[in-house]
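Here is a short briefing on one protein chain. Keep the 3D view open while you read.

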Amino acid sequence: MRLFAIADPHGNYSKIEDLLKIAGNVDLVLIAGDITNFGPDEKALDLFNKFSSKILAVPGNCDHESIIKVIEESKATNLHKRSVSVDGIRFIGMGGSNPTPFCTPFEIQECDFEENVNRMMEDVNADEALVALTHTPPFGVLDTVGDVHVGCKALNVFLGKADLIVCGHIHEARGIEKSGRTTIVNPGMAALGFAAVIDIKIEKKTHIINVELIKSDREVI
């Protein structure tokens, strides 16, 4: 399965078509939150309409929680607090962020993250490939602002259990890290022309993850 992953477009979708040309044919689109820049919710439809592939999306902390209804009524699939299986791969989603100093619209307490993630993990079979789509990163991984870690501790349950985590939120933390069997990817700000292409191959009981970070050279609009 070939995934096209973006995060943090913040309402600026001017680079998406260029990124899709670079990515080539993809089977599934993953959107890791901050779809809008504090609204309006319906702006998300402009993004979804750029894709012909199936879309899984979670909101970010700069989206209003009401965007969930717009996602659910669109061509995209809302993955926030949900678990779905696509072609034998289990996808779990959690949007919003743990509390920030900025009082953004969609912030969630760590205890609520933990409750929802643990509930969704009950749906996962031991032999399934597991992909977590979150807005905020796990604590200690691609989550540094200055020299401070600001990720969500409850999401660390995925480390060593998920094959892949796709996240965003920390604009300056674009990159790829490994934690045991888990590959963690922050595609970078889609608003600046960043994305990732991720191939998942299942060979017997082995799940092989290959990631390419891509960038549009078109001038930001």
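Which residue of β7 does I89 stand opposite? I89 stands opposite A129. This is a predicted model, in which local features need pLDDT of at least 70, side-chain atom pairs count only at pLDDT 80 or more, and totals for chains, interfaces and linings use all residues. Residues are numbered from 1 along each chain as its sequence is written, and side-chain values use heavy atoms, leaving out hydrogens and water.

**The annotated region**

- UniProt, in an unreviewed entry, lists residues 1-172 as "domain: Calcineurin-like phosphoesterase". UniProt positions follow the numbering used here, feature names are shortened, and annotations may be inferred rather than shown by experiment.
- Over residues 1-172 the chain is 18% helix and 24% strand. Helices (H or I, at least four residues) and strands (E, at least two) are DSSP runs, numbered from the N terminus.
- The end C-alpha atoms of residues 1-172 are 28 Å apart.

- All 6 of the 6 residues of β7 (residues 129-134) are buried, so the strand is largely enclosed by the rest of the structure. Buried means under 20% relative accessible area, exposed over 50%, and partly exposed in between (1.4 Å probe, protein chains only).
- A129, V131 and L133 point one way from β7. L130, A132 and T134 point the other way.
- β6 (residues 89-94) pairs with β7 in the parallel sense, over 6 bridges. Two strands pair if DSSP finds at least two bridges between them.
- β10 (residues 164-166) runs parallel to β7, joined by 3 bridges. Here V131 stands opposite L164.
- β6, helix α4 (residues 110-121) and β7 make a right-handed β-α-β unit. Right-handed means that, with the strands pointing away from the viewer, the path from the first strand over the helix to the second runs clockwise.

**The six-strand sheet**

- An open sheet of 6 strands has the order β4-β3-β2-β1-β13-β14, with mixed pairing.
- β4 (77-78) and β14 stand at the edges with a single partner strand each, so one side of each has no neighbour in the sheet.
- β3 (residues 54-58) and β4 run parallel, joined by 2 bridges. A57 stands opposite N78 in that pair.

**Helix α1**

- In α1 (residues 16-23), the residues I16, D18, L19, L20 and A23 are buried.
- Their cover includes β1 (2-6), α2 (44-48), β13 (194-203) and β14 (206-215).

Definitions and conventions:
Contact means heavy atoms within 4.5 Å.
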